[in-house]
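Visitor: Could you walk me through this one with me? I would like to start with a pair of side chains.
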Amino acid sequence: MATATVLFQWQDTYSVGIAQIDLQHKGLIKLINDMHSAMQAGKAKEAMGSIIDELIVYTERHFSDEETMLRLRSYSKLAAHHAIHQNLTRQVIEMRDKFRTSQLALSVEVMYFLKDWLASHILTHDQAYAKELSARN
């Protein structure tokens with residue numbers, strides 16, 4: 001029996017230096033890996049609905065927490081960061097809605113979209129606020 005591979009591995013380069021945010025990013029990575037595991041086990045159809053719902057709720061909570069922290073710390077690019085968050089939330093909700101109406105199947109492309117989006121977002125946009133906030137200390 002083959003062992004499941006992990007799609008998305010946490011790396012120290014993803015750390016923004018804020019424990020709560022790093023923990024939430026790890027939670028998002030876990031949800032993406034849960035989807036990937038379900039797909040590898042041939043259980044994507046059964047698992048996808050609940051996992052994507054959980055991903056949406058978790059993402060919205062994470063974005064809210066992150067934006068609250070950034071507002072309290074007067075991050076200079078908060079409006080742009082918020083717009084990026086809104087765009088991803090819209091895309092994931094569209095994905096969920098298409099899945100529910102059988103217009104979308106969980107595929108390798110969907111998995112890589114989520115992985116690549118989150119990795120890119122953390123490494124560019126989130127690292128930008130981490131750099132600005134740490135420069136003030």
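Guide: D34 and K30 are four residues apart in helix α1, so about one helical turn separates them. Helices are DSSP runs of H or I with at least four residues, numbered from the N terminus. The model is predicted: local features need pLDDT of at least 70, side-chain atom pairs count only at pLDDT 80 or more, and totals for chains, interfaces and linings use all residues. Residues are numbered from 1 along each chain as its sequence is written, and side-chain values use heavy atoms, with hydrogens and water left out.

Visitor: What do the side chains of D34 and K30 form?
Guide: They meet in a salt bridge, 2.8 Å from N to O. The term means a side-chain nitrogen of Lys or Arg within 4 Å of a carboxyl oxygen of Asp or Glu.

Visitor: How many salt bridges are found in the whole structure?
Guide: The search finds six. In one of them, D53 pairs with R96, with the closest N and O atoms 4.0 Å apart. D53 lies in helix α2 and R96 in helix α3, so the pair ties together parts 43 residues apart in sequence.

Visitor: Is R96 buried or exposed?
Guide: R96 is buried, at 17% relative accessible area, whereas D53 is partly exposed at 26%. Buried means under 20%, exposed over 50%, and partly exposed in between (1.4 Å probe, protein chains only).

Visitor: Which other residue does R96 meet in a salt bridge?
Guide: The side chain of R96 also meets that of D97, at 3.1 Å from N to O. Through shared partners, D53, R96, D97 and R100 are joined into one network.

How values were computed. Helix = DSSP H or I, 4+ residues; strand = E, 2+ residues; numbered from the N terminus.
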